Amino acid sequence: MAKRRKEDAMETRERILDAAVTVFHQQGVARPSLTEVAELAGVTRGAVYGHFRNKADLFNALAERVQLPGEKLCEGASEDAHHNPLGILRTRWLWLFQEVACNRQWQQILDIILHRCELVTESGEITQRMLDCREEGLERMRQLIGGAVTRKQLPADLDVELAAPMLHGALVGLLGDWLLRPDGRDLALLGERYLNTLIDMLHHAPSLRREPAPAPS
């Protein structure tokens, strides 16, 4: 009996999350109430609060259904990252593009996160999670690019502090642009070409070189 109650509770939780995807995707995160989520899920408002403390808690659980770009970069595999940091950076972004391209719910959730999460006071916890993820992703990007310089996979004079946010912003931007208009474009193929172009820029763009140290007077 206890096992059945636990299964029922998990089923209810998943129904609430499914409903939240639909409601947040249609209306944004700030405006709709948890009552609207409850009605779509076919449960009471109390049932929603039985699983989630507030809207931010529901949003966090929703975001856990996908791996945000920064979270994917922050996974383990430290040994591989040490030996082939540029390869890790490349394969993890390609994996993300491929996964998003074929997973409709991931598309909806990432669209909510990137386009429908209004930066208002009520969404403070949600905004903080997004900022934390961005900072984690940027730091991991710096580590991988810096490791690639150390392993001589990228030029020794590459300005890592300039290259990391440029690369991170460009890749997240591509993902966001595709989510706005996905029809007819293969994200996996587009993402691979985009990533290859950006890595070529890291190798060859003069504007990404560090300024030489001034000569001693």
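Predicted model: local features only at pLDDT ≥ 70, side-chain atom pairs only at ≥ 80, totals over all residues.
**Salt bridges, notebook**

I started with glutamate 192, which is partly exposed at a relative accessible area of 33% (buried means under 20%, exposed over 50%, partly exposed in between, with a 1.4 Å probe and protein chains only). Residues are numbered from 1 along each chain as its sequence is written, and side-chain values use heavy atoms, with hydrogens and water left out.

Next I looked up the partner of glutamate 192: its side chain meets that of arginine 90 in a salt bridge, 3.4 Å from N to O (a side-chain nitrogen of Lys or Arg within 4 Å of a carboxyl oxygen of Asp or Glu). The two sit 102 residues apart, arginine 90 in helix H7 (residues 85-102) and glutamate 192 in helix H11 (residues 187-204); helices are DSSP runs of H or I, at least four residues, numbered from the N terminus. Arginine 90 is partly exposed too, at 25%.

I then checked the total and got nine salt bridges.

Arginine 65 and glutamate 14 make one of 2.6 Å, N to O. That pair spans 51 residues, from the loop between helix H4 (55-63) and helix H5 (69-73) to helix H1 (residues 2-27). Arginine 65 is buried at 18% relative accessibility, whereas glutamate 14 is partly exposed at 31%.

Last, I looked at glutamate 139 and arginine 142, whose closest N and O atoms are 3.4 Å apart. They are three residues apart in helix H9 (residues 124-150), so about one helical turn separates them.
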